[in-house]
Amino acid sequence: MAAENALKSREVSTMIKQGFISVPTLSFSPSRTATTTATANLSRVYSPASSPNSKTLSSPPPSPFSSSTSAQTLTRPPHSQTLYDMMSEEQHRESKLSEEKRRKLQDRVSKLLDEAPFRDAAGDVRLSVVGRDGFRVSMDVHKSVLAEKSRFFAEKLRRDRGVAHSVEISDCDDVEVYVEAVVLMYCEDLKRRLMGEEVSKVLGLLKVSAAIMFDAGIVSCLEYLETVPWSEDEEEKIISHLNELQLRDCGAEVLLRVSSEPSTSTRSDDVFLRLLTGVLQAKDVKARREMKSLISRLLREDATNFNDRLDVSKDVLYHLCHRCLSSLILCLSEATCVDEKRDRGALMGEIAREADNMQWIVDILIEKKVGDEFVKLWADQKELAVLHSKIPTIYRHEISRITAQLCIAIGRGHILVPKETRFSLLSTWLEPLYEDFGWMRRASRSVDKKLVEDGLSQTILTLPLPQQQAILLNWFDRFLSKGDDCPNIQRAFEVWWRRAFIRQYVADQDSSQLQITVCDYQN
């Protein structure tokens, strides 16, 4: 017996620890009683006092969590609250929110019925609308109006002329919208009635009008949607509803603002070329900067959300690259023979602008994962590199940012090119980058020194070891001479050192030959 009691005691102790039984400390809470009692009074049958006819609203039975089972409520201190208590309180809160929502719905429908054109007339059809939650609205309406306005009701009410009817529409998504649709049947000016309504409300009316074949309601809703502005969320809902209700033909006017003739890649390329060229040639600096940011953001939008989208083509981007290169060569050529009469500030601005244009297009190429051809194109610009070396650093340092861009992309694996192309890039542009690095770092806040150094290090380390050695020994001498005006790529130097002197890798010529030995064993 003692053992059995001990076992039960352990079971109770375990349940207390798990939160299903609380420590038996109880207290009385008057405020809790008042709240619960007030909540219980929310669920009721509601009859509009101002409606003389049989237009009634009723609610489903109240939730068991909405009323108190006794006048007094026992509560536990917060520190001893059990899991069951917390679950009950959560259900109680949800029940209160549901009742509040239902009360507001009743008030809106009551107001709608009080202002309805049929409120004072004796109808010959008892129409009831029942929601999925059991909420019911009944109203006395006229068979002649229903049959004239709705092909659905005309079919249902065509028999038994002169006989009173009782019609019930069950399992409705939104009772309020159904009542509103019936009210619309009595209105002479539907457009005025819909004025000021939210798009979501009109979409609900459109859905109900289509369900009961209320043609005038459908036309009025579509005319409203064609007129008012939409948010992006509303735009998606409108297109979805018209497709779902199979109203694309009669809703063609509505969809004109989002649809066009089938586009072709050629036509799209013309548009993209015009937009990008406009940015490259813009005269207002602030507007140019804003439009660059906007176009870049739009081009970066996730293509997975727009499977049929027409993106800017690779041909357009490379056409602009060649145009920018030609302009850059022309600017540098003028800079090499500049005289005192030419405004040096204006010349520096032109070079910086053309270099910035090139950087922007290269950014787009990298983002679109089509920058591999540009690496070779840039590596082959021997003429440009020669011109670059002939003008003062103050004019040319923006050009070296293009090389830095490519090294960062290669170092991150965003551009994949053969080792010959990588070495050619560094052979042509590494020395200019060294020369301009100090000015790049000081003159432009947007240059991330560490990012450039990491990208350069990674690019160098992708080359064969002898090429790494030649580049890094050259850097070693330059860094000792220039210090902070030279990129600090010590990390690449350390990796090369370990590869060359510590972890030397020597291919085993015989490792690929498989040796098989056969042994005979006597039984």
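Surface patches here are built from residues with over 30% relative accessible area and no salt bridge, joining like charges within 9 Å and nonpolar side chains (Val, Leu, Ile, Met, Phe, Trp, Tyr) within 5 Å. This is a predicted model, where local features need pLDDT of at least 70, side-chain atom pairs count only at pLDDT 80 or more, and totals for chains, interfaces and linings use all residues. Residues are numbered from 1 along each chain as its sequence is written, and side-chain values use heavy atoms, with hydrogens and water left out.

One nonpolar patch of about 270 Å² comes from Leu 83, Met 86 and Met 87; areas are Shrake-Rupley with a 1.4 Å probe, and for residues only the protein chains shown count as cover. Met 87 sits in helix α3, residues 83-114 (helices are DSSP runs of H or I, at least four residues, numbered from the N terminus). Met 87 has 47% relative accessibility, so it counts as partly exposed (buried is under 20%, exposed over 50%, partly exposed in between).

Next, salt bridges. The whole structure has 27, each a Lys or Arg side-chain nitrogen within 4 Å of an Asp or Glu carboxyl oxygen. Which residue pairs with Arg 478? Glu 435 does, with the closest N and O atoms 3.2 Å apart. Arg 478 is in helix α21 (residues 465-482) and Glu 435 in helix α19 (residues 419-443), so this pair ties together parts 43 residues apart in sequence. Arg 478 is buried at 16%, while Glu 435 is partly exposed at 39%.

Lys 419 bridges to Glu 420 at 3.5 Å between the closest N and O atoms. Finally, a salt-bridge network links Arg 132, Asp 171, Asp 173 and Lys 207.

Conventions. Helices (H or I, at least four residues) and strands (E, at least two) are DSSP runs, numbered from the N terminus. Buried means under 20% relative accessible area, exposed over 50%, partly exposed in between (1.4 Å probe, protein chains only).
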